[in-house]
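Biologist: I'd like to learn how to read a structure like this one. Could you walk me through it, one feature at a time?

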Amino acid sequence: MKKVCFRRGKASLAAFMVTLFCVGASAVALPVGKKDSSADLLQKWYKEYMITGNTDSVAVTDAGDEFVEQASANLGGLLYSSLGYKNTPTGYRAVYRTGGIGYRAYKNFGGNRVNGFVTALHVFDGAINSNAYLNRNGQYVKFGRVDAKSSAIDTAFVSIASGNSLKTTTPSGKTITAKVAAVKRDQKVTMHGAINGEKSSEVLLPNEGGFVWTKNIISVDGDSGSIVYTNINGQNQIVGIVKGISSSSTVIIKAATINSKLGVTPY
């Protein structure tokens, strides 16, 4: 699994914390199917070529592009990016990287409001396109695409494709408001990870260069980009999204940092 490493130079970090942390998103493979004929491969190559100019017959447009249907997803739900196809003796294997859905947000493009959500940019490392997919009944269907990103804070804004929708609830039924919370040390925060589910920890460092560090690790590979929130006066307010882990902490990208950097607004 590919890892992405970031060096930290802030002297204010606790002495026991490492200065290098790596984050990654899990990769999964679709079971090997029937081997494509030469004609099938040529058709796939041409379809991809017409879209991107890509002349590699292996890194073809993933099968999800062929399926158009309305889909709905939860905050903290599982999303995929397409890494293309791996050639095997028995056929082509479609390989995907997994990540989590963060919080709902919109962005204005040329005066037009576009609804979507934020997630971790590294979920799309190595992807053959900028599309985000959902798995529906064994088919990978396009849910949206990356329309804004920031490598500096490892965050992407994914616009939702027409006909699709994003719920205000997590898979466990927790409703997330559009309010952004500024957390303090020892305050409880909760993640709903796409892989690890609902996990909580107290805050260790509430604001380190736009990040929040927890006292305990609550995320695993594949949770990157998932929603993190805190309960204030009975409301679940947005803290940010999962970036990765370092030492004994889960590192969270603060929503306030994301909103400012990407020019997005929670809704």
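**The cavity**

Modeller: There is 1 cavity of 30 Å³ or more in this structure. It's a predicted model, so local features need pLDDT of at least 70 and side-chain atom pairs count only at pLDDT 80 or more, while totals for chains, interfaces and linings use all residues. Residues are numbered from 1 along each chain as its sequence is written, and side-chain values use heavy atoms, with hydrogens and water left out.

Biologist: What shows where empty space is left?

Modeller: Rolling a probe the size of a water molecule over the atoms does. Here a cavity is a set of points, on a 1 Å grid over the protein atoms alone, where a 1.4 Å probe fits but cannot get out; lining residues have an atom within 4 Å of a point. The largest cavity holds about 40 Å³ of space, a volume being the space filled by probe spheres set on the points, which are joined across faces, edges and corners.

Biologist: Which residues line the largest cavity?

Modeller: They are L75, Y103, R104, T168, I176, T177, A178, I238, P266 and Y267. Strand β13 (residues 176-180) gives the largest share, 3 residues; strands are DSSP runs of E, at least two residues, numbered from the N terminus. By type, the lining has 7 nonpolar, 2 polar and 1 charged (Ala, Val, Leu, Ile, Met, Phe, Trp, Tyr, Cys and Pro are nonpolar; Asp, Glu, Lys and Arg charged; the others, Gly among them, polar).

**The aromatic rings**

Biologist: How many aromatic pairs are there in the whole structure?

Modeller: A search finds 7. Rings of Phe, Tyr and Trp (its six-membered ring) pair if their centres lie within 6.5 Å; planes under 30 degrees apart count as stacked, over 60 as edge-to-face and the rest as tilted. Take Y96 and Y133: their centres are 6.3 Å apart and their planes at 80°, so this pair is edge-to-face. Y96 sits in strand β6 (residues 91-100) and Y133 in strand β9 (residues 131-136), 37 residues apart.

Biologist: And how do Y96 and Y140 pair, with which angle between their planes?

Modeller: Those two are stacked, because their planes are at 10° and their centres 3.8 Å apart. Y140 lies in strand β10 (residues 139-150), so its pair with Y96 ties together parts 44 residues apart in sequence. Y80, Y96, Y133 and Y140 form one aromatic cluster.

Biologist: Are Y96 and Y140 buried or exposed?

Modeller: Both are buried (under 20% relative accessible area; exposed is over 50%, partly exposed in between, with a 1.4 Å probe and protein chains only).

Notes. 1 Å grid on protein atoms, 1.4 Å probe; cavity = no way out; pocket = protein on both sides within 12 Å on 5 of 7 lines; lining within 4 Å. Helix = DSSP H or I, 4+ residues; strand = E, 2+ residues; numbered from the N terminus.
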